[in-house]
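The sequence and the model are shown first.

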Amino acid sequence: MAASVGTGLRYKDKVTIVTGGSKGIGKGCVEVFVKNGSNVVFCCRGESEGKQVEQELNAVGPGEAYFVPCDVSKEDDIKNLIDKTVEKYGRIDCLINNAGSHPPHHTIDEFSGDDFRSLLNLNLVSYFLAAKYALPYLRKTEGNIINDSSLVGQIGQTGAVTYVATKGGISAMTRALAVDEAKYNVRVNSFSPGNVWTPMWENGANSEKDPQGCIKAGADAQLLGRFGTVEECGQACLFLAAEGTFCTGIDLNLSGGAELNYGFKNMRERTGIFQ
Ligand SMILES: NC(=O)c1ccc[n+]([C@@H]2O[C@H](COP(=O)([O-])OP(=O)(O)OC[C@H]3O[C@@H](n4cnc5c(N)ncnc54)[C@H](OP(=O)(O)O)[C@@H]3O)[C@@H](O)[C@H]2O)c1
């Protein structure tokens with residue numbers, strides 16, 4: 001039974017950590033959880049942006065947003081994020097690993113080993129470390145972990161061999177951790193967004209030769225003919241945290257059906273966006 005049934009607030013008084021919460025999907029999660037009564041500790045590198053989001057959300061409530069600066073590529077920063085959460089709220093119910101990056105599109109010829117190692121550290125090792133340091137507390141509350149993966153971890157993506165590998169690793173790690181942590185009644189799930197309209201997507205489009213064509217192609221990649229929203233991502237995470245109490249080890253696609261049906265996929269004749 002969900003914890004907050006009857007109050008209208010679906011995660012009231014629970015403590016949630018969101019990495020990368022100042023923008024995009026992470027901000028969508030922070031906002032939805034605060035609106036549903038959770039105390040949400042979130043991080044990013046940009047201190048002024050983090051403080052601004054904290055103020056913006058605390059003006060609305062009814063939960064609380066608390067910003068802690070943290071670069072998730074640094075293990076000590078992650079430890080500090082967990083410590084600050086426990087100092088302030090005394091418990092952790094949910095960890096949402098979200099902070100990550102998508103490098104510009106290249107083939108393997110242009111990526112170096114160091115490029116790959118550094119992206120693995122940011123996108124995958126950081127999720128491992130946040131889970132490692134949060135789990136002693138999550139085991140006490142029988143809480144849950146939600147890892148932001150990506151649809152491309154399942155279906156691949158042009159010019160993104162390093163990114164796709166990190167995302168496939170996140171979904172696989174999620175399943176392995178779900179197996180190990182079930183004995184503590186800790187659930188571990190991931191979600192896999194397709195194209196969600198965020199600053200990351202917008203910046204990526206603006207670096208292409210034809211930004212408008214790129215954005216149109218991004219919307220047309222879904223059966224539903226549009227981008228997903230950050231609020232939809234937050235709502236899906238809230239479902240996994242609050243009501244999905246029989247879900248563990250799943251990878252929830254938030255993809256607008258992008259992975260379905262035949263499309264024009266002939267890479268030998270393909271021209272245009274992201275060739
Ligand atoms: N947008 C999509 O279509 C899409 C699709 C599939 C998966 N995803 C995944 O969703 C996640 C978020 O993507 P997004 O599109 O929302 O990105 P975004 O708009 O660029 O937002 C990223 C957030 O993460 C923070 N961040 C970045 N690097 C960080 C670091 N080293 N340490 C701490 N915080 C950091 C950013 O703040 P600072 O820069 O200030 O640190 C910002 O708050 C990523 O894991 C991405 O792979 C996105």
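## Glu47 and its surroundings

Leaving aside neighbours within four places in sequence, Glu47 is in contact with Phe67 and Pro69, contact being heavy atoms within 4.5 Å. Glu47 is found in helix H2 (residues 47–58). Helices (H or I, at least four residues) and strands (E, at least two) are DSSP runs, numbered from the N terminus. Between Glu47 and Phe67 there are 20 residues in sequence and 8.5 Å in space, C-alpha to C-alpha.

## Basis of the model

This is a predicted model, in which local features need pLDDT of at least 70 and side-chain atom pairs count only at pLDDT 80 or more, while totals for chains, interfaces and linings use all residues. Residues are numbered from 1 along each chain as its sequence is written, and side-chain values use heavy atoms, with hydrogens and water left out.

## The sheet

Seven strands form an open sheet in the order S3-S2-S1-S4-S5-S6-S7, with parallel pairing; two strands pair if DSSP finds at least two bridges between them. Strand S3 (64–67) and strand S7 (251–254) stand at the edges with a single partner strand each, so one side of each is left without a neighbour in the sheet. On average, neighbouring strands of this sheet are turned by 20 degrees against each other, direction ignored. Axes are lines fitted to C-alpha atoms, for helices over the stretch in contact, and angles run from 0 to 180 degrees between N-to-C directions.

Strand S1 (residues 15–19) pairs with strand S4 (residues 94–97) in the parallel sense over three bridges. Helix H3 (residues 75–89) lies across S1, strand S2 (39–43) and S3, and runs at about 155 degrees to S1.

Asn123 lies in helix H4 (residues 113–141). Asn123 counts as buried because its relative accessibility is 0%; buried means under 20% relative accessible area, exposed over 50%, and partly exposed in between (1.4 Å probe, protein chains only).

A polar atom of the Asn123 side chain lies 3.0 Å from the backbone nitrogen of Ser101. The side chain of Asn123 also makes a polar contact with that of Thr166 (3.2 Å). A polar contact is a pair of N or O atoms within 3.5 Å; within protein, one must be able to donate a hydrogen and the other to accept it, and residues adjacent in sequence count only if both atoms are side-chain atoms.
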